[in-house]
Amino acid sequence: MSEYTVSGRFQAREGWQDFETEVEGANESVAREHAFAEMGARHNLKRRQVELEEVSAA
């Protein structure tokens, strides 16, 4: 599995908040799914409240 850096923003109470996280995945698509799952679990967000801007190999 490769490590990917995912950056984007999520909807917070005060507006949109930028984030950057590192996730493992077999490919870029899997890394995107892991990022959505992580942000949802950590901040109790729906997918429509998270915007992924960039996924790059770390």
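The structure is a predicted model, in which local features need pLDDT of at least 70, side-chain atom pairs count only at pLDDT 80 or more, and totals for chains, interfaces and linings use all residues. Residues are numbered from 1 along each chain as its sequence is written, and side-chain values use heavy atoms, with hydrogens and water left out.

The protein chain contains 1 helix and 3 strands, where helices (H or I, at least four residues) and strands (E, at least two) are DSSP runs numbered from the N terminus. Along the sequence these elements follow the pattern β-β-α-β. The radius of gyration is 11 Å, close to the 10 Å that the globule rule gives for 58 residues, so the chain is as compact as a globular protein of that length. This radius is taken over C-alpha atoms, and the globule rule is 2.2 Å times the number of residues to the power 0.38. Taken along the principal axes, the C-alpha atoms of the chain fill a box of roughly 35 × 15 × 15 Å. Of the 58 residues, 33% are buried; buried denotes under 20% relative accessible area, exposed over 50%, and partly exposed the range in between (1.4 Å probe, protein chains only).

Two individual positions illustrate these classes. Gly 25, in strand β2, is buried, with a relative accessible area of 0%. The C-alpha atoms of Gly 25 and Phe 36 are 13 Å apart in space, while the two residues are 11 residues apart in sequence. Asn 44, by contrast, is exposed at 70% relative accessibility. Asn 44 lies in the loop between α1 (28-43) and β3 and has a positive phi of about 55°, although it is not a glycine.

A search of the whole structure finds 3 salt bridges, a salt bridge being a side-chain nitrogen of Lys or Arg within 4 Å of a carboxyl oxygen of Asp or Glu. In one of them, Glu 51 pairs with Arg 9, and the closest N and O atoms are 2.8 Å apart. This pair links distant parts of the chain, with Glu 51 in strand β3 and Arg 9 in strand β1 (residues 2-12), 42 residues apart. Glu 51 is partly exposed at 33% relative accessibility, as is Arg 9 at 26%.

Glu 33 forms a salt bridge with Arg 47, again with 2.8 Å between the closest N and O atoms. Because Glu 33 lies in helix α1 and Arg 47 in the loop between α1 and β3, the pair ties together parts that are 14 residues apart in sequence. Glu 33 is partly exposed, with a relative accessible area of 40%, and Arg 47 is partly exposed at 48%. The side chains of Glu 38 and Arg 42 also meet in a salt bridge (2.8 Å, N to O). These two residues are separated by about one helical turn, because they are 4 residues apart in helix α1. Glu 38 is partly exposed at 21%, whereas Arg 42 is exposed at 56%.

A negative surface patch is formed by Glu 3, Asp 18, Glu 20, Glu 22, Glu 24, Glu 53 and Glu 54. Patches are made of residues with over 30% relative accessible area and no salt bridge, like charges being joined within 9 Å and nonpolar side chains (Val, Leu, Ile, Met, Phe, Trp, Tyr) within 5 Å. Strands β2 (15-25) and β3 (50-57) each supply at least two residues of the patch, and β2 gives the most, with 4 residues. Glu 20, in strand β2, is exposed at 61% relative accessibility.

Methods: Areas by Shrake-Rupley, 256 points an atom, 1.4 Å probe, with all protein chains shown as cover. Lys, Arg positive; Asp, Glu negative; His and termini not counted. Charge placed at Lys NZ, Arg CZ, Asp CG, Glu CD.
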